[in-house]
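Biologist: I would like to learn how to read side-chain packing and charge pairing in a model such as this one. Could we go through it feature by feature?

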Amino acid sequence: MTTRLTRRTVLGGLGAAPLAGGATRLLAQDKIVLRMSTPATQTDFRSQGLENIFAPAVADFATYEPHYNDTLFKQGTELVAIARGNLEMSITSAQELAKLIPEWSIFTAGYLMRGPEHQRKVFASDIGKEMYQLVEDKLGVKLLCVNYFGTRQLDLRGDRVINTPADLKGVKLRMPGTDAWQFLGRALGADPVPLAFTEVYTALQTGAIDGQDNPLPTDKDKKFYEVTDQIVLTSHLADMNFIAFSRKVWDRLSADQQATVQTAAENACRSISDAIVKNEAELVDFFKGQGLKVYTPDVEAFRTRVQKMYLESPFSKDWPEGLLDRINAVM
Ligand code: KDO
């Protein structure tokens with residue numbers, strides 16, 4: 001038998017044993033359905049990691065049900081859906097978390113995280129425990145693990161050479177539609193345009209936008225190279241994602257099942273990060289082979305401007321006291 005976690009099943013308890021606080025514990029014959037919503041494709045490394053590592057590990061008591069390409073919830077609405085009990089899982093980002101919990105905007109700052117190892121260590125430390133707890137307390141969402149999503153680079157139409165932020169003046173750069181992302185676009189020197197991930201290919205093809213930013217593996221997976229001419233290696237954001245899991249569902253699992261979910265997610269995150277690191281290293285040659293110009297601009301000029309703008313931004317007022325120094329001190 002499978003049960004979707006709805007208010008009716010929680011409160012009505014389809015044969016499930018009541019727990020304090022109105023939650024219900026899964027009985028042995030029940031299988032919980034874990035719907036995961038994401039704008040990503042099925043071929044994305046994160047999707048594959050969850051399908052191949054997470055899903056089989058929890059299969060004894062849970063049916064993993066992924067929904068790709070924004071088909072269940074729209075990009076950026078998943079966390080609220082989980083908080084309201086309408087969704088069980090998503091692959092979330094610091095930018096989406098920052099929309100609901102301003103302290104999280106610290107992790108949206110360009111040129112802050114130094115890469116996959118730094119991310120892993122930061123979130124394995126007390127910093128991670130505190131920031132994950134904040135999300136659990138405020139949203140009822142558990143963040144199970146962090147994965148490296150790749151380092152974001154500029155991917156543009158046309159042959160305008162980009163060396164410093166000044167060269168991006170007037171460039172209509174698609175960024176995802178939250179304040180944190182739009183600010184990053186402005187900090188880079190561009191004119192940011194908010195647009196859903198699933199609409200980027202067509203907007204590039206028609207020239208509605210001049211470019212977009214994403215990690216190289218995403219540019220390949222979404223075939224953006226078919227409709228752009230150059231990749232500028234600004235490396236402005238070592239991007240990361242988090243496996244978000246409903247606290248209400250978590251509370252229905254036994255201690256053993258919770259441990260299984262946690263380990264399964266951590267194994268998936270590690271494998272996703274490793275696969276992305278490996279793929280990223282191979283992709284410059286791939287894009288050159290597709291006829292794109294790939295080059296490194298004056299990264300220091302971008303870093304200096306972006307870091308200055310973040311420190312002077314209204315976002316930084318919400319950063320917990322001392323956290324920036326603590327993040328930088330993680331080696
Ligand atoms: C994007 O919209 O550009 C982005 O890369 C932002 C990420 O935070 C992440 O949400 C990602 O899209 C989606 O998961 C689709 O891959």
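Modeller: Let us begin with burial: a residue is called buried when its relative accessible area is under 20%, exposed when it is over 50%, and partly exposed in between. Please keep in mind that this is a predicted model. E136, with a relative accessible area of 13%, is therefore buried.

Biologist: Which residue does the side chain of E136 meet in a salt bridge?

Modeller: In general, side chains of opposite charge can pair when their charged atoms come close. Here the partner of E136 is R247, with 2.5 Å from N to O. This pair links distant parts of the chain, since E136 belongs to helix α6 and R247 to helix α10, 111 residues apart. R247 has 31% relative accessibility and so counts as partly exposed.

Biologist: Where does D251 lie relative to R247?

Modeller: Both are in helix α10, and because they are 4 residues apart, about one helical turn separates them. E312 is exposed, with a relative accessible area of 55%, whereas K308, at 48%, is partly exposed. Salt bridges with shared partners join E136, K142, R247 and D251 into one network.

Biologist: How are the rings of W104 and F242 arranged, stacked or edge-to-face?

Modeller: Planes over 60 degrees apart count as edge-to-face. The planes of W104 and F242 stand at 90°, with ring centres 5.2 Å apart, so this pair is edge-to-face. W104 sits in the loop between α4 and α5, while F242 is in strand β11, 138 residues apart. Both W104 and F242 are buried. F242 also forms an edge-to-face pair with F123, at 5.1 Å centre to centre and 70° between the planes. Because F123 lies in helix α5 and F242 in strand β11, that pair ties together parts 119 residues apart in sequence.

Conventions:
Residues numbered from 1 in each chain as written. Predicted model: local features only at pLDDT ≥ 70, side-chain atom pairs only at ≥ 80, totals over all residues. Heavy atoms only, no water. Phe/Tyr/Trp six-rings, centres within 6.5 Å; stacked < 30°, edge-to-face > 60°. Helix = DSSP H or I, 4+ residues; strand = E, 2+ residues; numbered from the N terminus. Buried < 20%, exposed > 50% of the residue type's maximum accessible area, 1.4 Å probe, protein only. Salt bridge = Lys/Arg side-chain N within 4 Å of Asp/Glu carboxyl O.
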